[in-house]
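Subject: Structure handover

Hello,

I am passing this structure on to you, along with some notes on it. Please look it over before reading further.

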Amino acid sequence: MEVTSGPLCSILVGRIGCRATVMLGGVLASLGMVAGSFCRTLSQLYIAAGFISGLGLCFSFQSTIIMLSFYFVRRRALANALASVGVSLGITLWPLLARYLLEHLGWRGTFFIFGGVFLHCCVCGAILRPVSTGAAAETRERPPPPSKTPRRSCLAAFGRALQRHLGFDILWHNAAYRVFTAGVVWMILGFPLPHVFLVPYAMRHGVDEHRAALLISIIGFSNIFLRPMTGLLAGRKDLAGHRMYLFSLAVLLNGLTNLVCAASADFRVLVGYCLVYSVSMSGIGALLFQVLMDVVSVDQFSRALGLCTILESISILISPPLAGLLLDITNNNFSYVFCMSSFFLISAGLFMGGSFYALQKKEKQGGQAEAEAATSEAAPEQALTAEGPGSEKRPCPEVMYVTSV
């Protein structure tokens with residue numbers, strides 16, 4: 001769903017603004033869940049709860065992240081962390097609420113209630129303070145004059161629209177954005193797997209169904225307190241230039257933590273795993289969008305986020321089926337799934353950390369070379385000696401014109 005909704009959300013943000021896009025997303029998410037409560041076939045449920053609700057939720061989520069980049073400058077890391085606490089709160093309450101509603105109202109009543117919950121996104125969008133984005137300013141510019149060749153004009157307009165809203169030019173010219181996008185896309189192949197397979201893994205090894213569902217709530221509840229702490233830490237001035245390394249370290253630790261599940265399935269071990277996993281997960285959740293804001297400018301953030309969302313969604317589509325195929329091959333051995341998750345996360349963390357260090361080192365060397373070149377070009381006036389009558393030598397000043405620094 002994010003494959004189409006990511007660029008579409010960027011276009012809507014430029015056309016109608018963030019507030020209206022958030023409210024539109026709330027309406028779509030609510031309508032999809034309410035329509036899903038009346039579905040009679042699985043294909044109808046795919047369209048209602050999958051397509052329509054997924055489109056609306058992506059509109060609301062991505063628009064608020066874009067608006068957050070315009071709201072805050074000094075304490076942006078803390079603002080991102082506090083905003084992501086809502087995700088942790090949802091992870092904590094959603095499984096418990098869903099189980100309670102399923103037991104008392106059935107799945108149709110649960111979908112109907114969730115439709116009412118999603119409708120609150122309209123209220124949240126209405127109270128957001130409006131901001132003027134650079135993308136909206138671009139859309140108000142005068143359109144170019146029509147070309148004499150209609151086919152080329154249409155193709156050129158389509159190419160300009162893709163470049164304006166998808167940010168391929170940022171991907172081409174910004175090396176740090178390329179590293180971040182490649183690392184996150186590779187990371188997403190393993191990051192969602194514990195959330196999907198932790199409960200079945202615990203139940204397969206004899207853990208009660210309610211206690212197994214409690215594991216996800218432990219992760220969410222821990223993140224409620226850990227994410228603001230991570231935001232405070234990342235917002236320190238002495239760590240502002242090292243946030244990309246903190247993010248890479250969080251990804252690396254997240255992958256190493258998943259190896260615990262591959263070693264033991266005891267409930268006490270799994271509770272300890274959830275607590276340790278929450279520490280690294282809070283770092284990823286609090287710093288993911290902050291690092292993206294650090295590597296691109298504010299006016300480019302909407303397009304950069306749209307393109308990154310598209311590429312992430314491809315990984316999200318591939319990851320669970322790939323893990324399911326691995327389970328079929330290994331006769332439902334969940335340990336291999338957690339090992340696969342660790343492989344993607346560890347390799348992504350090492351790649352991003354090493355690449356960011358190489359780029360920073362190259363940038364420092366380039367800055368030193370430019371400073372030395374500027375110093376040599378702006379050297380003081382040189383005195384030249386010219387021969388005069390009586391073989392006397394007197395200095396002849398030479399004027400140097402600095403044309404470039």
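Overall

Please keep in mind that this is a predicted model. The protein has 405 residues, of which 42% count as buried. Its secondary structure consists of 15 helices and two strands.

Helix pairs

Two packed helices are described by the angle between their axes and the distance between the axes.

On the α2 side the contact involves Gly26, Ala29, Ser30, Met33, Val34 and Gly36. These meet Trp107, Phe111, Phe112, Phe114, Gly115, Gly116 and Phe118 of α4. Sorted by class, the contact of α2 with α4 contains eight nonpolar and five polar residues, and no charged ones.

Next come α9 (residues 175-188) and α14, whose axes approach within 8 Å and cross at roughly 25°. That angle makes α9 roughly parallel to α14. The crossing of these two helices is right-handed. From α9, the residues in the contact are Tyr177, Phe180, Thr181, Val184, Val185 and Ile188. From α14, they are Ala304, Leu307, Cys308, Leu311, Glu312, Ser315, Ile316 and Ser319. The contact of α9 with α14 divides into ten nonpolar residues, three polar and one charged.

The crossing of α12 with α13 is left-handed. Its contact residues comprise 18 nonpolar, six polar and two charged.

Cysteines

How many disulfides does the structure hold? There are zero. A disulfide is a covalent bond between the sulfur atoms of two cysteines. For Cys121, the closest cysteine sulfur is that of Cys124, at 6.1 Å, which is too far for a bond. Cys274 is in no disulfide either, as the nearest cysteine sulfur, in Cys261, is 7.1 Å away. Cys274 is buried, with a relative accessible area of 0%.

Single residues

Ser282 lies in helix α13. Is Ser282 buried or exposed? With a relative accessible area of 1%, Ser282 is buried. Leaving out neighbours within four places in sequence, Ser282 is in contact with Asn223, Leu226, Arg227 and Thr230.

Pro320 is found in helix α14, which spans residues 301-329. Its relative accessibility is 31%, and Pro320 therefore counts as partly exposed. Not counting residues up to four places away in sequence, Pro320 touches Leu193 and Phe197. Pro320 and Leu193 are 127 residues apart in sequence, while their C-alpha atoms are 6.8 Å apart in space.

Phe70 is placed in helix α3, residues 42-71. At 26% relative accessibility, Phe70 is partly exposed. Between Phe70 and Pro130 there are 60 positions of sequence separation and a C-alpha to C-alpha distance of 9.9 Å.

Most residues other than glycine have a negative phi. Asn331, which is not a glycine, has a positive phi of about 60°. Asn332 is also not a glycine and has a positive phi of about 60°. Asn331 is in the loop between α14 and α15 (334-377), and Asn332 is found in the loop between these helices too. What are the relative accessible areas of Asn331 and Asn332? Asn331 is exposed, at 62%, whereas Asn332 is partly exposed, at 35%.

Regards

Notes: Residues numbered from 1 in each chain as written. Predicted model: local features only at pLDDT ≥ 70, side-chain atom pairs only at ≥ 80, totals over all residues. Heavy atoms only, no water. Left-handed = near helix turned anticlockwise from the far one by under 90°. Helix = DSSP H or I, 4+ residues; strand = E, 2+ residues; numbered from the N terminus. Nonpolar A, V, L, I, M, F, W, Y, C, P; charged D, E, K, R; others polar. Disulfide = S-S within 2.5 Å. Buried < 20%, exposed > 50% of the residue type's maximum accessible area, 1.4 Å probe, protein only. Contact = heavy atoms within 4.5 Å. Axes fitted to C-alpha atoms, helices over the stretch in contact; angles between N-to-C directions. Parallel < 35°, antiparallel > 145°, perpendicular 65-115°, else oblique.
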